[in-house]
Amino acid sequence: MDKLAIVVPCYNEEEVLKIASQALREVLEDLIHKEKIAEDSFILFVNDGSKDRTWELIEEEHRAYPTRICGVKLAGNVGHQFALTAGLLTAKDMSDVTVSIDADLQDDVAVIEEMIDKFHGGCDIVYGVRKERKTDTFFKRTTAQAFYKLMAAMGVKTVYNHADFRLMSKRAVEEFSKYKETNLFLRGMIPLIGYQTDNVYYDRKERVAGESKYPLKKMLALAFNGISSFSVKPISLILGVGVFIIFFSILAAIYALISYFTGHVVPGWTSLILSIWFLGGVQLLAIGLVGQYIGKIYIEVKGRPRYNIEKVLTDDDDNET
């Protein structure tokens, strides 16, 4: 039977960690009892530089359940995408299949069994997809829908209403490990892997405890990172705006000449100033956008490590790295 690793990135999750541990352990025990996964399957918590007692609680869970609970301690806070990547790449050599899920338990752990069934049916990647967004506020629901539509318009391949709750086979994770870029957007990277995929659908729950670690600011940053990491269409749009402004300027020049020769010249200080401000704003926007792409290139070419693993807890021993 295949060995399952459930990868759980954590940042300041002391209020939910033990609850998540119990819920996921129950899932493992049920799947083992049904002989769908190997007896030595485990949960891998990844501590993303938490400032609370998250790592201490992971160590407590590991001592209490050494064969079920493993842990990875990152040397500092690197962000959700890097922490999840660290967990996946650590679990790659320890398991045959991985499932990634957030510690807040908003994703339905009950559908992990369905993911495993689809994996046994030949799928290398199974996406957890929300059925609907009725529990979201109007603002969050509207912005989320706009996000997916914008990503599609920019040519970024994503799965609608899917976050980072997914199953990946060992060979899918191995293929993912070949993607070395620093600007990570897993929702766009995983579909690039290919292989046979499928979806499972579930209703997203309310957070069990604690506060969301993805406020609006981080969501906007993730959206921009996804677009700028996978598409150059924003630069093409700026080019299109430039062409439109030039065309509009030619029309304005023709109108000005006609007005001059017909004697209908009207003082236009306000329109002149507004046009200067408008063009100045467009130029700054274009320069800033191009600068963002250049900045990403600058970060990539330095080739710095994406994260630093300080400590790993396994069922065999505690390893320091």
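**Figure 1. Salt-bridge network of Lys18, Arg25, Arg53, Glu60 and Glu61.** In this predicted model, these five side chains are linked in a network of salt bridges (a side-chain nitrogen of Lys or Arg within 4 Å of a carboxyl oxygen of Asp or Glu). The search of the whole structure finds 19 salt bridges. Residues are numbered from 1 along each chain as its sequence is written, and side-chain values use heavy atoms, with hydrogens and water left out. Local features need pLDDT of at least 70 and side-chain atom pairs count only at pLDDT 80 or more, whereas totals for chains, interfaces and linings use all residues.

**Figure 2. Helix 1, residues 17–33.** Helices (H or I, at least four residues) and strands (E, at least two) are DSSP runs, numbered from the N terminus. Among the buried residues of helix 1 are Leu17, Leu24, Arg25 and Leu28 (buried: under 20% relative accessible area; exposed: over 50%; partly exposed: in between; 1.4 Å probe, protein chains only). The buried residues pack against strand 1, strand 2, helix 2, strand 3 and helix 4. Glu35, just after the helix, takes a positive phi of about 60°.

**Figure 3. The largest nonpolar core.** This core has 38 residues, and Leu4, Ile6, Val8 and Ile112 have the most contacts inside it (a nonpolar core is a set of buried Ala, Val, Leu, Ile, Met, Phe, Trp, Tyr and Cys residues joined through side-chain atoms within 4.5 Å). Helix 1 gives the most to this core, with eight residues. Beyond its neighbours within four places in sequence, Ile6 is in contact with residues including Leu24, Leu28, Phe42 and Val99 (contact: heavy atoms within 4.5 Å).

Figure 4. Val72 is buried, at a relative accessible area of 0%. Outside the four places on either side in sequence, the contacts of Val72 include Leu44, Val46, Trp55, Thr90 and Ile309. Val8 is 64 residues from Val72 in sequence, with 9.9 Å between their C-alpha atoms.

Figure 5. Asp40 and Lys3 meet at 3.7 Å, N to O. Asp40 lies in the loop between helix 1 and strand 2 and Lys3 in the segment before strand 1, so the pair ties together parts 37 residues apart in sequence. Asp164 and Arg187 meet at 3.9 Å, N to O, and both are buried. Glu175 and Lys178 have their closest N and O atoms 3.3 Å apart; Glu175 is partly exposed, at 23%, and Lys178 is exposed, at 56%.

Terms used
Expected span 1.5 Å × (residues − 1).
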